[in-house]
Amino acid sequence: MSIDYTERIPNNVNLAEDRRLQRALESWQPAFLHWWGEMGPTLPTQDVYLRTAVAVGKEGWANFARVKVPEYRWGIFLAERDPDRRIAFGQHKGEPVWQQVPGEHRSSLQRLIVVQGDTEPASVEQQRRLGLTAPSLYDLRNLFQVNVEEGRHLWAMVYLLHAHFGRTGRDEAEALLLRNSGSEDSPRILGAFNEETPDWLSFFMFTYFTDRDGKYQLGTLKESAFDPLSRTCEFMLKEEAHHMFVGTTGVDRVVERTAVLMREHDTDDVAPFGGIPLAVIQKYLNFHYSVSLDLFGGETSTNVANYFTTGLKGRWQEERRRDDHVLTDAVTTVEQIDGGRIVTADLPALTALNHDLRTAYIADCQTGITRWNRILASNGVTGHGLRLPHVGFNRKVGLFAGCHITPDGRIVGAAAWEAGRPAWLPTPADKAHVESLMRPVYEPGKIAAWLAPPRNGINGQPLDYEYVRF
Ligand SMILES: [Fe+2]
Ligand SMILES: [Fe+2]
């Protein structure tokens, strides 16, 4: 179904046919625009070369044009409905999917949607000042692209709340604009979304590790028996791919520049030469990876087991799994702490579904590490490499919360952990160095000296294209 752009709210859900819903969303729209004005990007621009969804099908779904950012056409886009879709897992496996919310699952589904919805505007808030220090117009444009799409993902969740959850849904939609990242009084729901994203190395790590968590969460909701949620998440995943591209290639370029400087000056300490030392990149990686692991929740959860059994939330790539999709007798091996040692135990697979999702996520994160180490090697840097810290390192949620675990997986005492900390997580001096490199480069085709230029422009445009105009 194509998207109707003649409407005040672009959509492919026949909004015009449901006057009540249309009016409700049109009354939420000014609140969203107000929030965007207050909490969105702080850098004023004339226009930005942005993509906007024009269809939800596989081919050519996006249109690229210069857009005034506050006039971006945020809308409601669901992937095409499959009239034959059936529930793929749990106790309702094989039954037709639901077009309406079953009464008994109302509050659980609403909660899942609110938690997902809360992360979307949070990242816009976290990134709002980054435009002031963009390393190029190309990067600045990518930042705005990510920001407007996270805004659209908020719309996606708000649509579901308004369309399917009545009065409490509308209240929750309003509350999504009232919580703010890092706020003392009303913070965002999840920890990682209250952390700061003060510099572009953090931004690239965030889009690599934290947006990737989003990909996995959306992947489980895409399996939902509640079909509108499934279709919403399917299209969000399409947009999300670009966010992770920004992270992957962003870290690529930092690593490449660091490697070049290391070789040129025959030193690990590239800071005096305007680069970011590999050790500092590793510390940023350690931080963003560990806070992103926390987003998967506790390793075991009876709530999540119930979500699965009742069909609300599936597993990553549920339909590709070669098991019974019910899991009543299955077990999963999970790490545990026992008498000061990390051991493994077999637990019921149903209660260990967060662990299952996290395992898929970790394997995916590892592909970035392999890629960055290849970049180091191809630039003549050997003997050094990046790596993922142990899953228990720096955790605030789950089995490892409160434990002191080193990046290489040793359990140590509090004093030893504190002593090791400056080597494992960014120190004030590391942050100050990274911050000192954050100077805006707004001349078309020019790139800051702390990272390599991108391989390609956006949508076939040259690198010196004026991606943003002031
Ligand atoms: Fe998103
Ligand atoms: Fe994202």
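Reader: Hi! How many bridges join strand β1 to β5?
Author: Two bridges join β1 (residues 47–53) to β5, and the strands run antiparallel. Strands here are DSSP runs of E with at least two residues, helices are runs of H or I with at least four, and both are numbered from the N terminus. Two strands pair if DSSP finds at least two bridges between them. This is a predicted model, where local features need pLDDT of at least 70, side-chain atom pairs count only at pLDDT 80 or more, and totals for chains, interfaces and linings use all residues. Residues are numbered from 1 along each chain as its sequence is written, chains are lettered from A and ligands numbered from 1 in the order written, and side-chain values use heavy atoms, leaving out hydrogens and water.

Reader: Which residue is the bridge partner of Asp-47 in β5?
Author: That is Arg-469.

Reader: And what is the strand order in the open sheet?
Author: The three strands are ordered β2-β1-β5, with antiparallel pairing. At the edges are β2 (62–67) and β5 (468–469), each pairing on one side only.

Reader: New topic: which residues coordinate the iron ion (ligand 1)?
Author: Glu-120 (OE), Glu-150 (OE) and His-153 (ND1) do, at 2.0 to 2.2 Å. Donors are N, O and S atoms within 2.8 Å of the metal (3.2 Å for Na, K and Ca); water is not among the atoms, so sites may look incomplete. Glu-120 sits in helix α2 (residues 106–126) and His-153 in helix α3 (residues 137–164), 33 residues apart.

Reader: Which residues touch the most other members of the largest nonpolar core?
Author: Phe-209, Trp-372 and Trp-450 do, in a core of 118 residues. Such a core is a set of buried Ala, Val, Leu, Ile, Met, Phe, Trp, Tyr and Cys residues joined through side-chain atoms within 4.5 Å. Its largest share, 15 residues, comes from α3.

Reader: Last one: what covers the buried residues of α1?
Author: The cover includes α2, α3 and α4 (166–175), with contact meaning heavy atoms within 4.5 Å. Among the buried residues of α1 are Trp-28, Phe-32, Trp-35 and Trp-36.

Note on methods:
Buried means under 20% relative accessible area, exposed over 50%, partly exposed in between (1.4 Å probe, protein chains only).
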